[in-house]
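This report describes selected features of one protein structure.

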Amino acid sequence: MMSQLPDLVIANGTVVNSFGRQAAHVVVDAGKVTALIDAAEPVPAASRTIDAAGMLVIPGGVDGHCHVAQVTGRFRTLDDYNISSTAALWGGTTTIIDFGIPRDAQETPLDAALNKKRLAAESRCDVALHGSVISWDETVPWQLEQLAAEGIRSVKMYTTNRGSTMADNDTILKVMREMVRLDGLTYIHAEHDAIITDCTEEHAADGLIGIEHLHRTRPELAEEISVKETLAMAEYTGAPVYFVHQSTPGAVDLVSEARTRGMEAYSETCPHYLTLDDTVYGSTFPEWYACCPPMRSAETVAALKERLSAGAIHTVSSDHSCYDLSQKRERTDDIRFMPHGLPGVETRMPVTFTALVTEAGGSVEDFVEVFSAGPARINALPSKGAIVEGFDADLVIFDPAAQRTVDGGALHMGTDFSPFEGETLNGWPAVVVSAGRVVLDTEGFHDPGPVGRFVARNGFTEHRDALSVPISASV
């Protein structure tokens, strides 16, 4: 009796992990990588074979910072899990991590996260979740326990946005202590609220409150002081801490210094902070760039890119938020009432590759680290972020020489613009395999339907200590 053929072989490619590369045939069966065979050996038989000769094969992207179907005040992003997961796959990302952020004081952290988990059943790619806490009460420890039992092992808190998502220092410190108890990870949006509020009010009093002034109302100092203060609380509690969308080299350096003292602290940045500077607010369409933190000076962007190239930034995430231009343009006269956030889950791959490899001279291994391996490892995602036997078959046949010009209207994110409109970028996916399914190839996109799985995450130290393969050359 003949043995059953494996589902797929990706033949003759150069497999690039964060820790090295090899010429190999990748064998896939039942959604897993079952073997890597030296490319000098014959191509094994399979139900389907894709020739990747002359191409790179990298792990599917892990985007650790996405906002899907997000409600902020009276604005709701225009996407759902179908739309954003499809866009992710078009962009070589096979796992997204979304946030369950309470809409108002009546929605609890547990309810917000479980609601998102239900909605994620429509996803085309795998999904994990972060929780979020805004205010402390006696039920929060129990709610965090329930989240951990559901596989939601991180909690995001904002140090700004008073009156909506902001958590005070008492809440942050208490939640950090609970996350240590539950072996979780604390996510922080770090901007000093008092500085931002005062600066914004001063600009408003002078009539300088339109979108063209956004970058002046949220100074670099506000971000760096908040990072410093939050690191002190993390050091005091012993909590692992992850800073989202860092936009200044000073903020990154503070995290690097904390790591030299033995702290578990991590820096994330986003593609737009590596490539766009604050001159965009003097452009024809400044509303395309309404996000917090705002774009920084060209000098700051260059220095941030240097930190990325040096390995001081651990992940590059999209901070995907799918508003459209009609929403952005409702109140361009007053940034206090605009929806902030940019679409980017689909363009994260080429923007990051162009910034890190094409422009800064980094290696493809460095790119894989911030695009896939680092986000998977830090967020304790089992079987993600590497092409090794037994891991999920999330794979991208990647063409580093592919060059395209971004057309926001031709993308798939459910909005009508891209902040990278007209930019020529290198490094796009040729084939995308998600959980063993070929979802993108030369014939186009093949919608797999709502097959995305909810990924229950491991405990932070549990995952770190249990790694049995070298999925990163540096921790």
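## Terms and model

A residue is called buried if its relative accessible area is under 20%, exposed if that area is over 50%, and partly exposed in between. The model discussed here is predicted.

Strand S2 covers residues 20-29, and strand S3 covers residues 32-38. The two pair in the antiparallel sense, with six bridges. Within this pairing, Ala 24 is found opposite Asp 38 of S3.

Two residues separate the strands of this hairpin. Ala 30 adopts a positive phi there, near 55°.

In total, the structure contains 28 salt bridges. One of them links Asp 126 with Arg 453, with 2.7 Å between the closest N and O atoms. Asp 126 belongs to strand S11 (residues 126-132), whereas Arg 453 lies in the loop between strand S21 (444-445) and helix H14 (460-466), so the contact ties together parts that are 327 residues apart in sequence.

The accessibility of each partner can be judged against the cut-offs. Asp 126 has a relative accessibility of 2%, so it counts as buried. Arg 453 has a relative accessible area of 35% and is therefore partly exposed.

Another salt bridge joins the side chains of Glu 150 and Lys 117, at 2.5 Å from N to O. Glu 150 is placed in the loop between helix H3 (140-149) and strand S12 (154-158), while Lys 117 is in helix H2 (residues 109-119); the pair therefore ties together parts that are 33 residues apart in sequence. Glu 150 is partly exposed at 29% relative accessibility, and Lys 117 is partly exposed at 25%.

Arg 181 and Glu 145 also form a salt bridge through their side chains, with a distance of 3.0 Å from N to O. Because Arg 181 lies in helix H4 (residues 169-181) and Glu 145 in helix H3, this pair ties together parts that are 36 residues apart in sequence. Arg 181 has a relative accessible area of 44%, so it is partly exposed. Glu 145, at 32% relative accessibility, also counts as partly exposed.

Technical notes: Residues are numbered from 1 along each chain as its sequence is written. This is a predicted model: local features need pLDDT of at least 70, side-chain atom pairs count only at pLDDT 80 or more; totals for chains, interfaces and linings use all residues. Side-chain values use heavy atoms; hydrogens and water are left out. Two strands pair if DSSP finds at least two bridges between them. Helices (H or I, at least four residues) and strands (E, at least two) are DSSP runs, numbered from the N terminus. A salt bridge is a side-chain nitrogen of Lys or Arg within 4 Å of a carboxyl oxygen of Asp or Glu. Buried means under 20% relative accessible area, exposed over 50%, partly exposed in between (1.4 Å probe, protein chains only).
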